[in-house]
Amino acid sequence: MKYIKSKLILKILILGSLLLISQQVLAQSWRPVRGSILFGISGMALISQQNSSLDFLVVHDNKQAHQERLGIITIKGKNQPEYLSVSWQSNTQLPIDLEALTSIPNTKDSFIALSSSGKAYKFKLNSDKKTISVSKEFELPAIPPGSNFEGFALQNIEGKLVAMWAHRGEGEQASTVYWGVLDLNKYQITSTNSANLKVPFPSGNVRHISDIKIDSGGIVYISAASDAGDNGPFKSAIYVAGYLTLSNSSGQISWRQSPQLVPLYRFNHHKIEGIELIPGADGGLIVGTDDENFGAYVYSLGDNVL
């Protein structure tokens, strides 16, 4: 009887150890970036991809002077992310509440960041990787009153530079997704259209779209997140929302929204506000969080990305 009892205790200890290890592995899959509310990731874009090292430019939704707007996150293998602050151009006015970031296709180190009010900033990351040069500020077209934008993406689709952006929506109010063709010579978006979108998860204080990215085939990925306050609780999900294509008959960009949105990934305890697609055999999808008082984290949805 004593032997059986000892064997049972040993099994319990082994099971407990395995559970502890699995919890530790799960906890390590989310990598902390910075622990302050001032460094939440509200948008991210890939800068470079070399072997096991990835560099991302990220934007922060800060509103006060002397608070960071941009940073670079470097991830090397399984190491913890490194963070480098990037200064906004000194002779220009600081943006307020940056909520989205996209690289410009077929350019090197050129990006557009978008504020929640719909003001866009085209800039180039300088070679020192510590400063930027702003070349243009412009407004999104026909901004409806009360808009709160949290996603902006660019992609070349059949020879056209297509822009897609979204009013986040909240609770029972659907998000509104917009799309059009961006002319970088005139800084105008034309042939615009829009549609409403609501996600099934999360619920409650949900932002139906917290970020957008478009792959080279026109497939649109979105994140959605719930935010009950600076201390959470938070929940998030990733969706394929639909796809963009060029209509052969009219030459217009068409949006084919998924008739039934399926959450591909669900996350508790984190508020995802930045997503980016990593190409190649070792690629995947990476997400960044704005967990308010709990800081910022990154997480890979591809086994070989991080």
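A: Buried means under 20% relative accessible area, exposed means over 50%, and partly exposed lies in between (1.4 Å probe, protein chains only). The model is predicted, so local features need pLDDT of at least 70 and side-chain atom pairs count only at pLDDT 80 or more, while totals for chains, interfaces and linings use all residues. Residues are numbered from 1 along each chain as its sequence is written, and side-chain values use heavy atoms, with hydrogens and water left out.

Arg207 and Asp227 form a salt bridge, with their closest N and O atoms 3.1 Å apart. This pair ties together distant parts of the chain: Arg207 is in strand β14 (residues 206-214) and Asp227 is in strand β15 (residues 219-227), 20 residues apart. A salt bridge here is a side-chain nitrogen of Lys or Arg within 4 Å of a carboxyl oxygen of Asp or Glu. Strands are DSSP runs of E with at least two residues, numbered from the N terminus. Side chains of opposite charge can pair when their charged atoms come close.

Asp227 has another partner. Its salt bridge to Lys271 also has closest N and O atoms 3.1 Å apart. Again distant parts of the chain are linked: Asp227 is in β15, and Lys271 is in the loop between β18 (265-268) and β19 (272-278), 44 residues apart. Asp227 and Lys271 are both buried. Shared partners join Glu150, Arg168, Glu170, Arg207, Asp227, Lys271, Glu273 and Glu292 into one salt-bridge network. The whole structure holds 13 salt bridges.

Now take another pair from this network. Glu170 and Arg168 meet through their side chains in a salt bridge of 3.6 Å, N to O. Glu170 counts as partly exposed because its relative accessibility is 40%. Arg168 has a relative accessible area of 13%, so Arg168 is buried.

Arg168 leads on to Ser175. Contact means heavy atoms within 4.5 Å. Neighbours within four places in sequence aside, Ser175 contacts His167, Arg168, Gly169, Ala195, Asn196, Leu197, His208 and Ile209. Ser175 lies in strand β12 (residues 175-183). It counts as buried because its relative accessibility is 0%. A polar atom of the Ser175 side chain lies 2.8 Å from the backbone oxygen of Leu197. A polar contact is a pair of N or O atoms within 3.5 Å; within protein, one must be able to donate a hydrogen and the other to accept it, and residues adjacent in sequence count only if both atoms are side-chain atoms.

Leu197 is also the bridge partner of Ser175 in β13. β12 and β13 pair in the antiparallel sense over eight bridges. Two strands pair if DSSP finds at least two bridges between them. These strands belong to an open sheet of four, in the order β10-β11-β12-β13, with antiparallel pairing. β10 (149-157) and β13 (188-197) stand at the edges with a single partner strand each, so one side of each has no neighbour in the sheet. Direction ignored, neighbouring strands of this sheet are turned by 20 degrees against each other on average. Axes are lines fitted to C-alpha atoms, and angles run from 0 to 180 degrees between N-to-C directions.

Ser191 is partly exposed because its relative accessible area is 37%. In the loop between β13 and β14 comes Pro202. The peptide bond from Phe201 to Pro202 is cis, with omega near -5 degrees.

The loop between β18 and β19 also holds His269. Phi of His269 is near 80 degrees, positive in a residue other than glycine. His269 is exposed because its relative accessible area is 63%.

Last, the nonpolar packing. A nonpolar core is a set of buried Ala, Val, Leu, Ile, Met, Phe, Trp, Tyr and Cys residues joined through side-chain atoms within 4.5 Å. The largest core has 26 residues, and Met164, Ile212, Val220, Ile222 and Leu244 touch the most other members. At least two core residues each come from β10, β11 (160-167), β12, β14, β15, β16 (234-246) and β17 (253-257). β16 gives the most, with five residues. Beyond its neighbours within four places in sequence, Ile222 contacts residues including Leu197, His208 and Ile209.
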